[in-house]
Amino acid sequence: TVGGDKYVLTPTLRPEMNSAYGTKLKWVVNPGLGFRWNFYQENFMKKLRESFLNMGAFRVSWGRTVKYKATRYNIYGQYDIDEKNTYNGNSFIPINFKNLPNVDLDPVTTTQWNAGLELNMLNNKVSAVIDAYYKQVDNQLSDVDLADHNSFSSIKSTDVSIVNYGLEWTIGVRPVSYTHLTLPTIYSVCISGVAASLKKKK
């Protein structure tokens, strides 16, 4: 985390290694960046702080996550070991013809943007949180059926992407607050809503 209480910058970088490709180890890097502006601490917000605003912040974040979800069997195929597999008196190990091996499978990549607004008002009795987001998942692992004249029935593919974006909001009200001994009892009412859209791309 970089910055003070007013401006907060949070960069992240997470490397990962996947061994599904056997000796061809796959390295991926998952970056992220977040920024938060506590604008209620600005001097030009002084009058609002004195009247009703207890906290106000704007935040934005971006992140990308790369995951290899394919197994070594999806990549190199699966072989059937059975003592009944013989040809001309010699035993052999045939490949399983259910799935065609695919060494070109890409990792599932998720990219997400988020922007949000947070407000606490009237001695923290009223709060509001609004979030807008955009999430795209590329290289979804899926099965593709092959034609009947092929030896294999299907093949794993990463040609599908899914996009999800929307708006979420929550409004909370704490009209009554009592204190009994040292433990506060707070009665609150929250209203939440979501407006979202989901699209599939190839």
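A residue counts as buried under 20% relative accessible area and as exposed over 50%, with partly exposed in between (1.4 Å probe, protein chains only). N139 has 18% relative accessibility, so the residue counts as buried. N139 is found in strand β8. Its side chain reaches the backbone oxygen of P107 at 2.9 Å.

The model is predicted: local features need pLDDT of at least 70, side-chain atom pairs count only at pLDDT 80 or more, and totals for chains, interfaces and linings use all residues. Residues are numbered from 1 along each chain as its sequence is written, and side-chain values use heavy atoms, with hydrogens and water left out. Here pLDDT is the predictor's confidence in each residue, from 0 to 100. The protein averages a pLDDT of 83. A score of at least 70 is reached by 85% of the residues. Confidence is highest in strand β7 (residues 108–121), at a mean of 94. Strand β10 (residues 183–201) is lowest, at 64.

The secondary structure comprises two helices and 10 strands. Both kinds of element are DSSP runs, numbered from the N terminus: helices are H or I with at least four residues, strands are E with at least two. The order from the N terminus is β-β-α-β-α-β-β-β-β-β-β-β. Of the 202 residues in the protein, 27% are buried.

Strand β8 also holds D131. This residue counts as buried because its relative accessibility is 13%. The side chains of D131 and R59 are joined by a polar contact of 2.7 Å. A polar contact is a pair of N or O atoms within 3.5 Å; within protein, one must be able to donate a hydrogen and the other to accept it, and residues adjacent in sequence count only if both atoms are side-chain atoms.

Aromatic pairs were searched for across the whole structure, and four were found. Rings of Phe, Tyr and Trp (its six-membered ring) pair if their centres lie within 6.5 Å; planes under 30 degrees apart count as stacked, over 60 as edge-to-face and the rest as tilted. One of the four pairs joins F97 and F152. This pair is tilted, at 5.0 Å centre to centre and 45° between the planes. F97 lies in the loop between β5 (90–91) and β6 (99–100), and F152 in the loop between β8 (126–145) and β9, so the pair ties together parts 55 residues apart in sequence. F97 is partly exposed at 43% relative accessibility. F152 is buried, at 15%.

Y134 and Y165 form a stacked pair, because the ring centres are 6.2 Å apart and the planes meet at 15°. Y134 lies in strand β8 and Y165 in strand β9, so this pair ties together parts 31 residues apart in sequence. Y134 is partly exposed, at 32% relative accessible area. Y165 is partly exposed too, at 31%.

A nonpolar patch on the surface is formed by I130, L167, W169, I171, V173 and I191. Together these residues have about 490 Å² of accessible area. Patches are made of residues with over 30% relative accessible area and no salt bridge: like charges are joined within 9 Å, nonpolar side chains (Val, Leu, Ile, Met, Phe, Trp, Tyr) within 5 Å. A salt bridge is a side-chain nitrogen of Lys or Arg within 4 Å of a carboxyl oxygen of Asp or Glu. Accessible areas come from the Shrake-Rupley method with a 1.4 Å probe; for residues, only the protein chains shown count as cover. Strand β9 (residues 154–180) gives the most to the patch, with four residues. W169 is placed in strand β9. W169 counts as partly exposed, at 33% relative accessibility.
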